[in-house]
Each structure stands twice: as C-alpha cells, then as structure tokens.
Amino acid sequence: TAPNSAIEFQDVQFQYQNNAVPVLRGVSFTVQPGQMVAVVGLSGAGKTTLVNLVPRFHDVTGGAIRIGGVDVRDVTVASLRRAIGMVTQDTILFDATIAENIAFAAPEAAQAQIESVARAAHAHEFIVDLPKGYDTVIGERGQRLSGGQRQRLTIARALLKNPPLLILDEATSALDAESELLLQDALEKLLLNRTAFVIAHRLSTIRRADAIIVLQDGRVVESGRHDELLACRDSVYARLYATQVFDSVTAPIASQLETVETADKMP
C-alpha cells in the first residue's frame, strides 16, 4: 500500500448474497500512483460498491484488486485501511473534544500538529471562536457544529493521518457558498500528491480528474479525461454532463461507507 503503487482492478465481479443480479461485472482499469480518478454514473450504477471493495468493506466475488501487484485479500485488513483515508458526505464524528476527533487516527499527535492540519482545512478559525477552543466537546456525530464545520474537521483528520490513498465523496452541494469555497480549498490540499478515488458531484472536480470512470449497470462503459469523453457527443458521459446529473442524482456513498477508523474497531 505504498504511495508509489498502482491500483489494478482486474475483471472485478461483485454480487451480494441472495441477489441474482451482479452489482459489478468485468470491471478492469488501472489507477497510477498520484492519479485522481472520478467515478460517475446514475444511482445504482455500482459506484458505491466499487469504492467499498478497495478497503475491503466487501471482497470481490470474481477477479481481483491489486495494489503494487499484491492482491488486497493477501494483506491484513488493518494494514490496508491504515493506508486509506476517507471523507464522506455523512461525517463520522464522536462525542469528544475537537482535538480528540481530529487526532482519532493519530492519537499520538502533538497539539501543534493538530492545529496545523486544522489551519490547512480552514477549521482553526471557527475552533478558536468556540468557548473551549480545541477542548470543546462537539456532541454525538458533531451535532453542535454546522455541516461545513463537520466536513472541515474530517478533512483535518485525514490530513493528520496523511494516507497515500484517499476515497472522497465531496458532497458539498448542501453547504452554503462560503462553506463550500473553504471546503473546496481544503480538499485541494488533501488531494495533493495522493492517489484518490472520487465519487464526483462537482463538475470542477470531474474536469480536473486524471481519469473518469463511467459506470452503467455495473460495467465500465467509458473511461478517459473530461475533454476526451465530451468530444463524443452521444457518449454516456456527455449525456450525464448535459443534464448536470453529477450534482443532483449521483447516489451518496455515505450510507454504506464507514470511516476507516470506525471499521478498524469492528471485530
């Protein structure tokens, strides 16, 4: 799971038990080190399942996923998930202090490190305005914070963890304009020099992706860069783009993706 390792999907199949219809069928592509790959498609296309397979929330039922040539099933789940950071629409926060939430994946972190990543995530400013600053207890699931503040805390946590591989569900459409601008800048910093899978909601992210994987009915029907895919006017991607489907219909991964840190504590 080194940052300089390619990630290969080789003829990946996935089928839930008691479900006659496969969710993914013959999915093959390679993500080079440092690339950002956007995964797009209508709700039900298989995007959620695709990213769930990387940290082994599910295992493939056919084919293989390899990182640096090693099948992910041949390494321990704990070591695999240590190399992965996740930021999802449904932020996973705990009834603890802000500092403890940021340092959840790196409990040995010094206060200066915690404040450094909070600044990078545009969280420091609102934290120091709270009654107890970094020692403020934020309530179950961070209920005492706004949506934008919760997202910035999870970005700070991912920055502190410093994983080589990132899985990101942007999901900024519900935020106000100011929060969204701050979050976009924080995400830019988080994505820098990392291999990333992005279930894309924002067209700006899609345009910047090194590769776009277009899923339809569990298959990769198209792949390429934004301009390449748009050049074919009757492509699936061009039709999705024309209807702005990324902002309105793309299914969130949050309901089915747990954070890596939470999953690590599962028996």
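Tutor: In helix α4 (residues 111-120), the buried residues are Ile114, Val117 and Ala118. Buried means under 20% relative accessible area, exposed means over 50%, and partly exposed lies in between, with a 1.4 Å probe and protein chains only. These three residues cover an arc of only 105° around the axis, and therefore they lie on the same side of α4. The arc is that of the directions from the helix axis to the C-beta atoms. An α-helix has 3.6 residues a turn, so residues three or four places apart point the same way. The cover over the buried residues of α4 includes α3, α5 (124-128) and α6 (147-161). After α4 comes His122, with a positive phi near 60°. Helices (H or I, at least four residues) and strands (E, at least two) are DSSP runs, numbered from the N terminus.

A word on the basis of this description is needed. The model is predicted, so that local features need pLDDT of at least 70 and side-chain atom pairs count only at pLDDT 80 or more, while totals for chains, interfaces and linings use all residues. Residues are numbered from 1 along each chain as its sequence is written, and side-chain values use heavy atoms, with hydrogens and water left out. The mean pLDDT (the predictor's confidence in each residue, from 0 to 100) of the protein is 84, and 85% of its residues reach 70 or more. Over residues 247-267, pLDDT stays under 50, and the model has 57 contacts (heavy atoms within 4.5 Å) for them beyond four places in sequence.

Consider next the loop between β6 (84-87) and α3 (98-102), where Gln89 lies. Gln89 has a relative accessible area of 37% and is therefore partly exposed.

Another helix, α1 (residues 47-53), contains Lys47. Lys47 counts as buried because its relative accessibility is 3%. The side chain of Lys47 reaches the backbone oxygen of Gly41 at 3.1 Å, and a polar atom of that side chain lies 3.1 Å from the backbone oxygen of Leu42.

Finally, there is a sheet. It is open, with four antiparallel strands in the order β2-β1-β4-β5. Since β2 (24-31) and β5 (70-71) stand at the edges, each with a single partner strand, one side of each is left without a neighbour in the sheet. Two strands pair if DSSP finds at least two bridges between them; β1 (residues 7-14) and β2 are joined by five, in the antiparallel sense. Phe14 has Leu24 in β2 as its bridge partner.

Technical notes
Polar contact = N/O pair within 3.5 Å; in protein donor to acceptor, adjacent residues only side chain to side chain.
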